[in-house]
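Look at the sequence and the model first, then read the points below.

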Amino acid sequence: MDRRKFLKASAGAVAGAVLASQLTSGLAQGALEGEDLANLEKGLQQVLGKGFKDMTVSQQVKLTAPTIAESGANVPVEIEASLPAEQVKAIHCFSDKNANPLLFTVILNGVLPYYATRVRVAETAPVRAIVETKDGKFLMASQSVRVTVGGCG
Amino acid sequence: MTRRELVQLLLALGMTSPKAFAQAMERPERLYDLPPFGNVTLLFNTDLHAQLRPHYFMEPPNLLAARALEGKPGYLTGEAFLRYYGLRRGSLEAYAFSSVDFAALAQRFGPMGGGAYIGALIKQQKAQAGENRTLVLDGGDTWTNSGISLRTRGQVVVDWMNRVGFDHMVFHWEYTLGRERVEELVKQLKAQVISFNIVDDLFGDPIYPPYAIHQIGGYSLGIIGSTFPYVKVSHPEEFSEGLSFGVRENELQKYVDELRGKGVDAVVMLSHNGVPLDLALAARIQGIDLILTGHTHDFTPAPIRVGNTWLVAGGSSGKAVVRVDLQMKKGGIADLRARTLPVATSLIKPDPALEAFIREAYAPHLAYLDQVLGTAETLLYKRDSTYSTLDELACRAVQAAYPEVEVAFSTGTRWGTAILPGQPITMDKVLAYTGYTYPEVYVFRLKGDRLQAVLEDVAANTFNPDPFYQQGGDMSRVFGLSYDLAVNAPTGQRIRNVAIRGRRLDPNREYTLASFGGRLQRSGTLVEKYTPRPIYDLIAEYLKQVKTVNIPPRPSMRVLDQRYVLPG
């Protein structure tokens, strides 16, 4: 690297350092990729008559889904609740950015609280697994699923 | 290179102390003489990309990463890489594993790799360690992406593997030969394919054995294969019809437990996940002793430790063979020695049988592959996070063929080659970085806001701070479009100040774009008057026109929050 290039590179590095501090402060910490709470809220209200604030994030709900979907049209999801079967009323599944955020609802009628299927995720957004208990609680686990243009090997 | 030139070079590199001189002048071939260690030896080669001839390949000057990953293995380049692994500037290792002083050291050490040299090194190391205690493993991305592979649909590489004697392999780009061809070649392949994560699309059953168990030196060794998780997202789906891939963390844990249940002493994962994802997996999966990983083309001259798991990466392009010697104990690995051995053609005697085999295999194709299309006046290289001169050459060729194209895209693939100033550019060299089985250049129209979204999407795949959300590959290269890149910004805000041909991007205007080797064109509307043509043909035509190529590295993007280094 010659002197001119070196000076240019270091000037860039300094400018970069200044900008970097601005960027980090602007970074929304902890938000899931593609989160769209406004759209999700509509779906929750319509299906459950409840809002996002009524959902309780819970370790008792286990959601398994790929982080990057092979195809957004066909995303395998698996939802399991570590609760006794008789306590669980239904399993609901939503995705924040789908035009209709509801993916499905399964009424369990006392069978083991486990369900696996494939869903359509329109674009990169969190998938929400919501377990509705018989005593009216909504337990939730979320995971972002990337639906990518892809193809840059 | 004469002794005088070498001394001048060393002076230029700042090596003035007598000790440094002595070290650099000493015989580097001693690297290959390893005293016996432990009771099991693994030889690992990966990401050859079908480069059966020796060639030059410059490591990336930049591997931009989100702050959480910066400075860690997988994102180390240049002098930081040398510092991290304690390598001397000007040494063979510095030449092979970093971009520092590349053009000067290329003159000294010459081209790297090639099937006859890799094979010779593998055979030599196998004999040195002991035939019966050694397994030879391939990490995938081996069968495709070179001229000879395209001409023989992978055949020559499989024949080469059979002659060298590999025991196991996993896949990625192999699938771009099409599933049917892959399965045809698997039948001929003497090595056993192992992969827990190539499964039937409908039922989820593995297509190949997920693992193999070997009894070596009184110990039992389990090897799990993991193929690249994103074959389907990265390439046209028709190549892998009926198959599904994926990281499949839960299933991986299940197979590790199954192996442990069968009483193996150690579990090794042969992986095409790449360093960042495998480091993340190692922290989450219990019971893997060692991961040998490919895909991201990283070198790890010293093994990395995560919890109880060792990780060693294998580089790419035939530049190195990794030798890992394991000191086994009941239920695990007591100690390990890992050496990344550069395949330096100036130091290794090629295997005569392999050399003859390769010469014969190339013979029918020489007229096509060795035609000289032009000459490089500047260093042409491929690998970098965001930009390269070989990509600029591809984009210039596209632009010359389709003058109305406002923005030309080139791919962020990691494979390729390097062409030194003064060297001829042959068809073989062009194919070494554009050897796609789907090489068509598409001209399409896309609205400005969509174009920005596409760039954001690629940036999110490349720069995501969570390796589980990185799809693989470097950032797409753009020509005719300039932008500012904020690596650490949240998704949707990484790409800024986009300008096309010097004018600010209009979100509502339709632009004419061209791309190849990916799926970008699907976002827009194809311009139907053009029948898509292979990128390598466009480059060949362009080279014949211009004859000499002078492309000093001038990236069209500006990185806002990281240092960006130009090579040279």
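In chain A, 64% of the contacts between residues at least 6 apart in sequence join residues at least 24 apart; two residues are in contact if their C-beta atoms, placed from the backbone, lie within 7 Å. This is a predicted model, in which local features need pLDDT of at least 70 and side-chain atom pairs count only at pLDDT 80 or more, while totals for chains, interfaces and linings use all residues. Residues are numbered from 1 along each chain as its sequence is written, and chains are lettered from A and ligands numbered from 1 in the order in which they are written.

**Chain A**
- Chain A holds two helices and eight strands, where helices (H or I, at least four residues) and strands (E, at least two) are DSSP runs numbered from the N terminus.
- The order of these elements from the N terminus is α-α-β-β-β-β-β-β-β-β.
- Of its 153 residues, 33% are buried, that is, 20 or more other C-beta atoms lie within 10 Å of the residue's own, with C-beta atoms placed from the backbone.

**Domains of chain B**
- Chain B is assigned domain 1 (34-55 + 111-358) and domain 2 (370-559); such bounds come from an automatic or database domain assignment.
- The centres of the two domains, taken over C-alpha atoms, are 30 Å apart.
- Contacts link 23 residues of domain 1 of chain B with 15 residues of domain 2 of chain B.
- On the domain 1 side, α7 (147-152), α10 (231-234) and α12 (275-284) of chain B each give two or more residues.
- That side has nine nonpolar, 14 polar and no charged residues, with Ala, Val, Leu, Ile, Met, Phe, Trp, Tyr, Cys and Pro counted as nonpolar, Asp, Glu, Lys and Arg as charged, and the others, Gly among them, as polar.

**Nonpolar core**
- The largest nonpolar core has 215 residues; a core is a set of buried Ala, Val, Leu, Ile, Met, Phe, Trp, Tyr and Cys residues joined through C-beta atoms within 7 Å.
- Val398(B), Val407(B) and Ile539(B) have the most contacts inside this core.
- Leaving out residues up to four places away in sequence, Ile539(B) touches Leu393(B), Ala394(B), Ala397(B), Val430(B) and Thr434(B).

**Strands of chain B**
- Strands β20 (residues 481-485) and β21 (residues 495-500) of chain B pair antiparallel over four bridges; pairing requires that DSSP finds at least two bridges between the strands.
- Leu485(B) has Ile495(B) in β21(B) as its bridge partner.
- β21(B) also runs antiparallel to β22 (residues 503-504) of chain B, joined by two bridges, and Ala499(B) stands opposite Arg504(B).
- The hairpin of β21(B) and β22(B) has two residues between the strands, and Arg501(B) takes a positive phi near 50° there.

Terms used
Buried ≥ 20, exposed ≤ 12 C-beta atoms within 10 Å, placed from the backbone.
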